[in-house]
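Please read this briefing alongside the sequence and the 3D structure. The points are grouped by topic, beginning with the ligand and ending with single residues.

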Amino acid sequence: MTQSSEPALRAEGITKIYAGADAPVEALRGVSLSVAQGEFVAVVGPSGCGKSTLLHISGAMDRPTAGRVSIGGRFVDELDEDGLTGLRRRQIGFVFQFFNLLPTLTVLENIALPLLLTGASPAVAAAEARLVSARVGLSGRLTHFPRQLSGGEAQRVAIARSIVHRPLLVIADEPTGNLDSVTGAQVLQLLAELNRERGVTLVLATHEAHVAAAAHRIVHMRDGLVERDGGAAA
Ligand code: ADP
Ligand code: MG
């Protein structure tokens, strides 16, 4: 069903209205975005412009108010709960600003978890997790717990976890937003390398122009709309 000619992600006419405490909030006002397989796209714009909302809807974590999303050619709104769970587990990896690691699991266990959720045996999951850990430079931290890691190490765990099951699409929401500039640059370089090496499609949100500059293509958002698709970061 997933064909290489299909875009990894297609979002068409997406609107999102949140209930809001006082009045409804129109977070997205008709956004369309197509991302080819293997592409690295940065979504950039000021805080509150709708980047996280667009990424969550693009990763099938949230539903739009109107419009459609397809991932690898599958329309998300046509899937039942099981289909949606399967799509999320197999086709998507997430990297968040605050890492979102499971505190009671070791580094190796955090990284292996997505494979276990897709039905891999514990032995296969651990072996794959070790390989990916080595690639992101975490071989010496496998039995550590998240609280024992630096921010940069924690984000490398999250990145390893996002790619271990070889998803079609990795979504990274402000992945350098909680890191100092040197560590943030290293994390960004790692994401760009993994995009090149593994061909994983990467959609990254950031409010920082220099982070966006690492991408193949930059989508500029403002006030719930795509203001410009392509071109320079500034
Ligand atoms: P960004 O990631 O670019 O900072 P967001 O997508 O987080 O933007 O938010 C877009 C708009 O939607 C903002 O006005 C924000 O306050 C609002 N918003 C986001 N999430 C919710 C929510 N769960 N309930 C109500 N409003 C929300
Ligand atoms: Mg955000």
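In this predicted model, an oxygen atom of ligand 1 lies 2.6 Å from an N or O atom in the side chain of Thr53, which is a polar contact in the sense of a pair of N or O atoms within 3.5 Å (within protein, one must be able to donate a hydrogen and the other to accept it, and residues adjacent in sequence count only if both atoms are side-chain atoms). The protein covers 59% of the 560 Å² of accessible area that ligand 1 has on its own, where accessible areas come from the Shrake-Rupley method with a 1.4 Å probe and, for residues, only the protein chains shown count as cover.

As the model is a predicted one, local features need pLDDT of at least 70 and side-chain atom pairs count only at pLDDT 80 or more, while totals for chains, interfaces and linings use all residues. Residues are numbered from 1 along each chain as its sequence is written, chains are lettered from A and ligands numbered from 1 in the order in which they are written, and side-chain values use heavy atoms, with hydrogens and water left out.

**Surroundings of ligand 1**

- The residues around ligand 1 (those with a heavy atom within 4 Å of it) are Tyr18, Val25, Ala27, Pro46, Ser47, Gly48, Cys49, Gly50, Lys51, Ser52 and Thr53.
- Polar backbone atoms also approach oxygen of the ligand, with Cys49 at 3.3 Å and Gly50 at 3.1 Å.
- By class, the shell has five nonpolar, five polar and one charged residues, where Ala, Val, Leu, Ile, Met, Phe, Trp, Tyr, Cys and Pro count as nonpolar, Asp, Glu, Lys and Arg as charged, and the others, Gly among them, as polar.

**Aromatic rings**

- The structure holds one aromatic pair, a term for rings of Phe, Tyr and Trp (its six-membered ring) whose centres lie within 6.5 Å, with planes under 30 degrees apart counted as stacked, over 60 as edge-to-face and the rest as tilted.
- The pair is formed by Phe94 and Phe96, and it is stacked because the ring centres are 5.3 Å apart and the planes are at 5°.
- Phe94 has a relative accessibility of 12% and therefore counts as buried, as does Phe96 at 18%; buried means under 20% relative accessible area, exposed over 50%, and partly exposed in between (1.4 Å probe, protein chains only).
- The charged end of Arg68 sits over the ring of Phe75, 3.8 Å from its centre, the criterion being NZ of Lys or CZ of Arg within 6 Å of the ring centre and within 35 degrees of the ring normal.

**Single residues and their places**

- Thr201, in strand β8 (residues 201–206), is buried at 0% relative accessible area, and its side chain reaches the backbone nitrogen of Gly38 at 2.9 Å.
- His165 belongs to the loop between α5 and β7 and is buried at 12%, while the side chain of His165 reaches the backbone oxygen of Ile92 at 2.9 Å.
- Leu179 lies in the loop between β7 (169–173) and α6 (181–198) and is buried at 14%.
- Arg156, found in helix α5 (residues 151–163), is partly exposed, with a relative accessible area of 24%.

Note on methods: Helices (H or I, at least four residues) and strands (E, at least two) are DSSP runs, numbered from the N terminus.
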